[in-house]
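Here is a short tour of a structure for someone who likes to know how each number is defined. Have a look at the sequence and the model, then read on.

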Amino acid sequence: MMFSGIFTTSKKAVRNVAIVGLAILLVANYADLLGHHLFTIDVHKMLYFDTFGLLGNSIAFGSTLLYVLLSGRDMERVGNNLAEYFALIFFVLCGVAIITTFNTLLMLFLGIEIISIPLYILTGSDKRNLKSNEAALKYFLMGSFSTGLMLLGITFLYGASPTGTFFIDDLWSGKGVSPVFMAGLLLLLVSMAFKVSAAPFHFWTPDVYDGAPTVFTSFMATIVKVSIFVGFVRLFDEAFGESRERWQIFVAIITAATLFIGNVTAVFQQSVKRMLAYSSIAQAGFMLLALLALNGVAKEGIILYAAAYSIATIGIFAILIRMKDYTFEGFNGLARQQPVLAATCTIFLLSLAGIPLTGGFFAKYYMLSSVVATGHFLWLVIFSVLCAAVSVYYYFRVIQAMYFKEGDGTTETEPGAGFKGLLVVLAAIVVILGVCPQSLLSQLTKIIYTW
Amino acid sequence: MIPVLLIFIPLVTGLIGFLLKSEKTARGWALLSSLVTLVVALTGAGVAGGGVAGGANPMLHADVAWLPDLGSRFAVGLDGLSLILSLLTAISFPLIFIATWRDQYKRAWNFYALMLLSQAGLLGVFLAQDALLFYFFWELALIPVYFLCSQWGGERRIAATFKFFVYTFLGSLLMLVGIIWLYFHTADHSFSMASFYDVHNHIPNSDQTWVFWLLFIAFAIKMPIWPLHTWQPDTYEQSPTAVTMVLSAIMVKMGLFGVIRWLAPVLPIGTWAWGDTVSTACIIGMIYASLVAMKQDDLKRLLAYSSIAHVGLMALAIFATDSTGMQGVMIQMFNHGINILGMWIVVDLIERQFGTRKISELGGLAKTAPGLAILLVIVALGNVALPLTNGFVGEFLLFTGVFTSTATAYSLVFTVVAAVTIILGAIYTLNMIQRVFYGPVNGLTSRAVDISLNEKVVLSVIVVLIVFIGIYPGPVLAMTKEFSEFILTRMAYK
């Protein structure tokens, strides 16, 4: 991918190569999922390709494909280095594939770094925009700090492990929690929480999401975030054995804080882009519930959540990119100008709010029921439900603006039929996930419970 | 078979409705669809005949796999309770469409399509025999109504309907948590009605008492019960009248229905433990709403508050847990729907003719529009429960139920105070009739013309129903008897 820019100057060709590449990735991944291995590389047990990880990959690759199809054209407007943008996105996907399937802490670290460094560049890719530069620098500084913490945590865990190993299966000594082990675990928790923008480590998120070119915000807020979540759940599920009761309370507090800060701050935003940044924090809060529960339901749920959230958010961002004005007022009366855009956008927003008949409902349902199934933390379930009710406020503000307010909110250019068609397909997927999530989950349940 | 048709006819016709790009076609289409639904519902009533609770008649039930991994099935069925409410829904919608035939809407096809979708949601709520499916339809009924009110309502519509939406959505989410909690405590991890009715054998009584509130808040908001009623007057006032009719005639019944089907039999101890608390709230709400209604000048707000008072009485009777009272609730849900529909039609007529709903600006209509006056008086008498009207049958059963209740120690107090609100109800209703229809004719009302054919048809149907049920309540009593016994058995009172 990286070299396609040398061979051709045609932007269209670059984009098509990217689309074909993604499609191949997706097919290969799906084949793996069905048990047909196209080729095997000895990874020395560093990576472990199980269903959970492969499904995470499928969602990441699939949503990237949809994302490139929807917004690929808009990347051209960021700058001239289209091929490089695609190359960076593919690097990120490489990192995604590592952190969804890692089997040792080293691989986790490597994956996180491979994801982060291209993202720093993408954030600053709008070189002449001061906000974009500021966002990139901020992201870089805070990101490296959290990576440092992660490394420290890994070192502690290495030291605490009975045999001196990075393999996550062997970290747990089976004898109880030593202080060094706990410190390492908490440092990992903090740095991962930073990466998924959980409160109180979320401060970079609004600025970075707002400052980065909107096409890349969409990428960061969806694909990157949910794959790190898949890695997050994988790490805490496998690595820390019986120590769960010791750290669950920290996760619960982080979850509650994330839900509260994300939802309440989103209410006060004037720009839809910034609102979506806070909403992504709020959604992260919901996904953290899976980390708290860590049972079969939670693992199914995080996959479903990843799919529902990514598709809806990619859709909304794709529409947002085309808008002239990013404030709520900019959406006034959009329904009259662009009925298809407004209708699909409504479905995406309803899904994010978790209204039944959309994928978002079952995603939230799974998160809530995973925690209820544990029998503890019912207060957190009720709290998250209250926060979900708050979220209706800011999601519906967009719907109100589009449908019920007079105005001439419009897009910069008339969107093409292909773009609209894709949006309708996306909306259809959201609704199908909402009516029968079985299509995605039937494969999961079979294997996860035996896993 | 029949319940599936009842849900899918409005659903499919509603979705098609979005594609019709002419007001006339859309209106005709909606009426046609609602009439077909009515025929199906009446067929259902015919098939059900007398015995509706027990039999596994394949015409009346459908049960197919939906989410096997979750233990949720697409199970729908007609029993006494769902039959009477489905009939109410199926009768109301064509009447609403005919009565508001002359109302003009921008992009009317969307309006009618959303109306049909809300009908599908409502019927789904009443027919669902699976808790998750019930929750699904509960929300499906809410979303179209939100759009209907926000798009076609009055000046302050956005704020009012938003309040309505957040209130009910918050309630529903709490209910969802409650449903999930109960699901994990069922013996076979299933959402089916049978498993839910069995769950109280598997959970301690202390848990029942707090789970009760998770579910009850959702239902109480929908009814609404004081102090959760504040969304209602604003929403009724700001909604287009056709939607207000749906809201007050049918949607408030969702709350009562929810308590009867998904709360009282599922958590009998919780229901019993909080019975007095809820009853007290009902009583306070009834008195409060009646007093406020007396002071209202706006006809829509007056009816909104009177609706709170009536629903309060029905809720009171549910918590009295008496078989007569339970039957009364079911019958009165139907009656109240029909009566309030008649009242709204009159309000809509007045507003369209005179451009105002202020009682103080009206007067002497009986002289200029005698047909309207006669029909309204009959509807209003039904609403204040005069003998020979349907309201009397319902409220008589309700009061008997509350008075003879063995579930509470305060049945006498509740009965007496509730009876006071009936008197208050008579005062504000008759006062309203007096000031709107009698008294001097003023400049505004002298131009009145009497009602036209479509309104005459609708109001006559309503009046016939009112008088018929008032004189010969046998069929509805038969329809509800078996089910009320069934519920009380579940609540361990029999």
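## Helix packing and the chain contact

In chain B, helix 15 (residues 370–383) packs against helix 18 (residues 453–471) of chain B at an angle of about 35 degrees, and their axes lie 10 Å apart. Helices here are DSSP runs of H or I with at least four residues, numbered from the N terminus, while axes are lines fitted to C-alpha atoms over the stretch in contact, with angles from 0 to 180 degrees between N-to-C directions. This is a predicted model, in which local features need pLDDT of at least 70 and side-chain atom pairs count only at pLDDT 80 or more, while totals for chains, interfaces and linings use all residues. Residues are numbered from 1 along each chain as its sequence is written, and chains are lettered from A and ligands numbered from 1 in the order in which they are written.

**Helices 15 and 18 of chain B**

- Helix 15 of chain B brings B:Gly371, B:Leu375, B:Ile378, B:Val379 and B:Gly382 to the contact, and helix 18 of chain B brings B:Lys456, B:Leu459, B:Ile462, B:Val463 and B:Ile466 (contact: C-beta atoms, placed from the backbone, within 7 Å).

**Helices 10 and 13 of chain B**

- Helix 10 (residues 241–263) of chain B meets helix 13 (residues 323–354) of chain B at about 165 degrees, with axes 9 Å apart.
- The two, helix 10 of chain B and helix 13 of chain B, are therefore roughly antiparallel (an angle over 145 degrees).
- Helix 10 of chain B and helix 13 of chain B make a right-handed crossing.

**Two covered helices**

- Helix 11 (residues 272–293) of chain A is largely enclosed by the rest of the structure, because 21 of its 22 residues are buried (20 or more other C-beta atoms within 10 Å of their own, all placed from the backbone).
- Just after helix 11 of chain A, A:Leu294 has a positive phi of about 50 degrees.
- Helix 12 of chain B is mostly covered, with 21 of its 22 residues buried.

**Where the chains touch**

Definitions and conventions: Buried ≥ 20, exposed ≤ 12 C-beta atoms within 10 Å, placed from the backbone. Parallel < 35°, antiparallel > 145°, perpendicular 65-115°, else oblique. Left-handed = near helix turned anticlockwise from the far one by under 90°. Contact = placed C-beta atoms within 7 Å.
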